[in-house]
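Thanks for sending this over; my notes are below as numbered points. Have the model open while you read.

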Amino acid sequence: MTNIVLLDSKIHADLKIQATPSAKLGDAQRFVPVAVGEFAHLVAYYPILFSKDAETGAFYCGVMLGIDEGENLFLPEGRDIYRPLNLQRGPFFTAGGNIAIDLDHPRVGTSGHSIFEAGEPSPYLNGIIGLFRELKPALEQTKIFVDTLLDSKLIEPIDISLSFDDGSRRQLEGLYTVNQDRMKNLADGKVVEFFQRGYLQAMYTMIASLKQIPALAMRKNALLAR
Amino acid sequence: MQTLNTSGPVRNIVIVGGGIAGWLTAGVIAARHQGPMKSGFTVTLVEAPEIKNIDVDEGTWPTLRTTLEKMGVSETELFRRCDATFRQGARFARWTTGALDDGYYHPLMPPQGFHQVNLAPHWLEQPGNRSFCDSVTPQGALCDQGLAPKTVATPEYQAVANYAYHLDAGKFAPFLQKHCTERLGVRHVSADVQSVRRAANGDIAGLALKQGGEVTGDLFVDCTGFAALLLGKELGVGFRDCGDVLFCDTALVVQVPYETPDDAIASHTISTAQSAGWTWDIGLPTRRSVGYVYSSRHIGEDQAADELMRYIGPQAKGLAPRKIPFRGGYRETFWKNNCVAVGQAAGFLEPLESSAILLVELSAKLIAEQMPANREVMEIVSARFNEVTHYRWGRIIDFLKLHYVLTRRPEKFWRDNTDPATVPGRLKNLLQIWKYQAPWLLDEFNRLEEVFPAASYQYVLYGMGFRTQIDPCDNDASRPLAVQHMRENAAMAGRLRAALPRNRDLVRKIQDYGLQPI
């Protein structure tokens, strides 16, 4: 359940947030939405793909953190690797220009980082505010990126079939990537336009990130072998 | 002097009459000939500015998805602009015994593994009273629960469970018109045809317009509805009445509001047998469309109206049905000289299996794909078109009649329907054969694009309690495969029931968010 309210320095003066990456604290997610601006960080660890929002059917960009539902295979590394902004923001949301908090989020409680110190935003909260300053426009730009690719028919489904040493298999559905054939046949004008908007780089980064799928499968294999 | 060529290329197609038949035909032909249209091939639609089409909400077949997709129509737009909903087949209520719980589905999904194994004889040998439909396809169960055939994440025109549409016919024709004229290069001439100019060989050379000027063409498509102005009136092709087989000749039509905006939308057509015909009941987003199709020889209009209102119940209060008389049958020839009829100009049958738009699609596609290159080969093409189209009308009439012949209802309308003298010979023979052998692929169903495949006959036959005498030994070889398919069917039914949204919820989501193209 969620219980999202606007953040208030009086009402929420004593609330604390546990920021550590942890399955118990909401990080057990197989697929997390990301922004184009994060791609350069993400590609070092995760496959970056498209998927569809179950509620609206709309395409969005995300990273695969696991193979099975509710599985994040990167949690053992904790803070040592780049975490998608959507996980870093923890229980916080934006509501218009304000910050909101999900009071039912497992990270919210009486231990961890203070949100307010003497009625003023704590350094931790300032970090979150800074994060949203980055994330919000980034997600809007990402939506335009996705819509542009869709219009140019540059998105195609990808079939991912994985076999593991314990004999089990996984067939991953509902994932999409860049259509490389169509990308190669882009009209000259589009190539220039996409280059200038940074879309060519983003598309190449997504293509390169496909190489993280076997790496992710190896993590899963190791887990299954334990 | 005539300027018409009798051996020259066929380059200019003139469709007379708008409405769904005209615009769908224009769209199918124009979409198929986008290449030639860059170099002089034209599609022109002449439509009388004043004419009012008979707008009755329609049920369609899954073929319409392919037809619209090929025309480049967005499915999202279809839902938003034509008040479309999903149709997963039809439920025939009270057709067999007339009891309240009597009913069966004719779903759009064929039985599991239909092209590998015939499940009908395997179902027949099973004890118990699980229906044929539920034993071989999950679709009846989906309809029972009012579920949609896909999710908002399923791309446009793709299905999880096979589907067609219910839609507002009054909105569908203008929607097609806009697409044809704006996207496919169809010329729209809004004018009345005053007279037809004929060439020496009897061909239509041109149409003189009341508003002035003439439209000339190489091939004329008559989509003028019941009037059949070109093929019937001008070229004198007669009408073959089928009232001796299918008795219904009148429809009373009414639009029924929902009680609340969140009422469930049935994801199938509900067809309920009445004393002298049957009622259709289809759900659009904002209202239901209900009609009583009856035989005026068997019931008077007032009595029929009472029966219709009783069927609708309290929601009927204050509604006044509209009466539409019709004549079931089809043209003796569909394509004569350089004129071919599509839609009601070609014929009309009671909408028991939503065949009207389907037949328009099939004819339009045949014309578009077999488009004679020149006048010389037109006779060959038209002869083939007539043969195929006659075959199709005959088979649809057989299939519609099948719904009536197995009834045990006591009313005179239904007894008269079972009189062997009213059953076409071919259907009579098939019913004999089916006593000993369940219909399947090789029966009579060997034509490409058979309108109603053997699967449809199975659903109606076994839905109505027909029993084929089978020899269980005949089943031995295919039993393992059949058991496997029936098991898969049960598993699939469970999966789909868990995954699919309510019909209304998905229709609303498509209106809000749209479907993705991939």
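1. Start with Ser354(B), which sits in the loop between strand S22 (347-348) and H10 of chain B. Helices (H or I, at least four residues) and strands (E, at least two) are DSSP runs, numbered from the N terminus. Ser354(B) has a positive phi of about 50°, although it is not a glycine. Most residues other than glycine have a negative phi. Ser354(B) counts as buried, with 22 C-beta neighbours inside 10 Å; the cut-offs are 20 or more other C-beta atoms within 10 Å for buried, 12 or fewer for exposed, and partly exposed in between, with C-beta atoms placed from the backbone.

2. Before going further, a word on where this comes from. This is a predicted model, in which local features need pLDDT of at least 70 and side-chain atom pairs count only at pLDDT 80 or more, while totals for chains, interfaces and linings use all residues. Residues are numbered from 1 along each chain as its sequence is written, and chains are lettered from A and ligands numbered from 1 in the order in which they are written.

3. Next, helix H10 (residues 355-369) of chain B.

4. Look for Arg94(B) in the loop between strand S5 (89-93) and strand S6 (103-107) of chain B.

5. Now a sheet in chain B: three strands make an open, antiparallel sheet in the order S9-S10-S11, where pairing takes at least two DSSP bridges between two strands. Strand S9 (193-198) and strand S11 (214-216) of chain B are at the edges with a single partner strand each, so one side of each has no neighbour in the sheet. The antiparallel pair S9(B) and strand S10 (residues 204-209) of chain B is joined by five bridges. Within that pair, Ser195(B) has Ala208(B) as its bridge partner.

6. Finally, the contact between the chains: ten residues come from chain A and six from chain B, counting residues whose C-beta atoms, placed from the backbone, lie within 7 Å. On the side of chain A that touches chain B, strand S12 (residues 155-157) of chain A gives the most, with three residues.

Technical notes:
Contact = placed C-beta atoms within 7 Å.
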